[in-house]
Amino acid sequence: MKFNMLKTGIASAILLTGYAEAQAGNGLPNFLKRWEIGYSYSMANARYESTETVKDQASGKEFTQNINQDVRSKFGYGGFAGTYIPLARLGGQSLLAVGVDYAYNAYMWDYKVPEFNGFTTDENGNVNGVTYSDPMFGFSAVSIQMALPVSLDLKFGGEATLEKYSRWTGTFGAGVHPSLNMTVDYGSGGFGTGVTPFVKAEVGLKAGIVFKLRAQYAFGNIPFYEKGNNLFNIPGLQSNSQLTGKNALTLSLVIMPFSFNWKEDGWWNDHH
């Protein structure tokens, strides 16, 4: 509920800003001139923790397996769309702004999932242990993340002036990264929500439209899933697991599709 309210509030603020700027002329509204979309390669490090208890119904014996493992994503991809809202001009070629994005990321993991395979017995047929099987594929889990990163940005060059003669642009920013996450592995699945800090840096070149490269680094606990539920109804089996991210690095190729309409005149036509 809180996540949806935050998303609705940010979207409303952006739409109101765009409407106000549309009244100012200069071709397209500045809201569209600042719009950007990107494709991302995502990497993350996390901690996988699992406790699984299996009880033999006949003998009443219980067997517990604990796993604590540092893991790294094997592959990740994503995309985002967003804009920025000017706060104050700091000079002819610099601007303080609030950056707002909607981001989607997917991660593939390969960590050891305790996949119950059966009981072992001694020569008398008494249960004396359990066996687990290894994953059959090259990855054992997939995480999906939806986020609304909000940052305070210092922008230089073209994005500060929205002028066509400014070929180069750059950004440094820091903010918070609210996210909703879902993960499914061989044994469990679950959800997690959280807010983590992040920093970012961008550099861009205008060649008809603006093309940028972005690096974004989030740090702190990223709850890819918490208190995972067992996906299989196996009698006597109880499990409790979680996957907590420690950091995530995202590298993005970004375009500003409406930057072709940046204004011809000088910076005195201020952002509205």
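Trainee: Why is D70 called partly exposed?

Mentor: In this predicted model, D70 has a relative accessible area of 47%, and because buried means under 20% and exposed over 50% with a 1.4 Å probe and protein chains only, partly exposed being in between, D70 counts as partly exposed.

Trainee: What makes K246 and D70 a salt bridge?

Mentor: Their closest N and O atoms are 3.4 Å apart, and a salt bridge asks for a side-chain nitrogen of Lys or Arg within 4 Å of a carboxyl oxygen of Asp or Glu, so the pair qualifies. K246 lies in strand 13 and D70 in strand 2, 176 residues apart, a strand being a DSSP run of E with at least two residues, numbered from the N terminus. K246 is itself partly exposed, at 39% relative accessibility.

Trainee: How do you know whether K212 is buried or exposed?

Mentor: K212 has 1% relative accessibility, so K212 counts as buried. K212 forms a salt bridge with E36, with the closest N and O atoms 2.6 Å apart, and this pair links strand 11, where K212 lies, to strand 1, where E36 lies, across 176 residues. E36 has a relative accessible area of 3% and is therefore buried too.

Trainee: Which residue of 5% relative accessibility is also buried?

Mentor: That is R214, which at 5% counts as buried; R214 forms a salt bridge with E36, the closest N and O atoms being 2.9 Å apart. A network of salt bridges links E36, D101, K155, E159, E202, K212 and R214.

Trainee: Why is K155 called buried?

Mentor: K155 belongs to strand 8, residues 150–157, and its relative accessible area is 2%, so the word buried applies. The side chains of K155 and E159 are joined by a polar contact of 3.2 Å, that is, N or O atoms within 3.5 Å, where within protein one must be able to donate a hydrogen and the other to accept it, and where residues adjacent in sequence count only if both atoms are side-chain atoms.

Key: Residues are numbered from 1 along each chain as its sequence is written. This is a predicted model: local features need pLDDT of at least 70, side-chain atom pairs count only at pLDDT 80 or more; totals for chains, interfaces and linings use all residues. Side-chain values use heavy atoms; hydrogens and water are left out. Helices (H or I, at least four residues) and strands (E, at least two) are DSSP runs, numbered from the N terminus.
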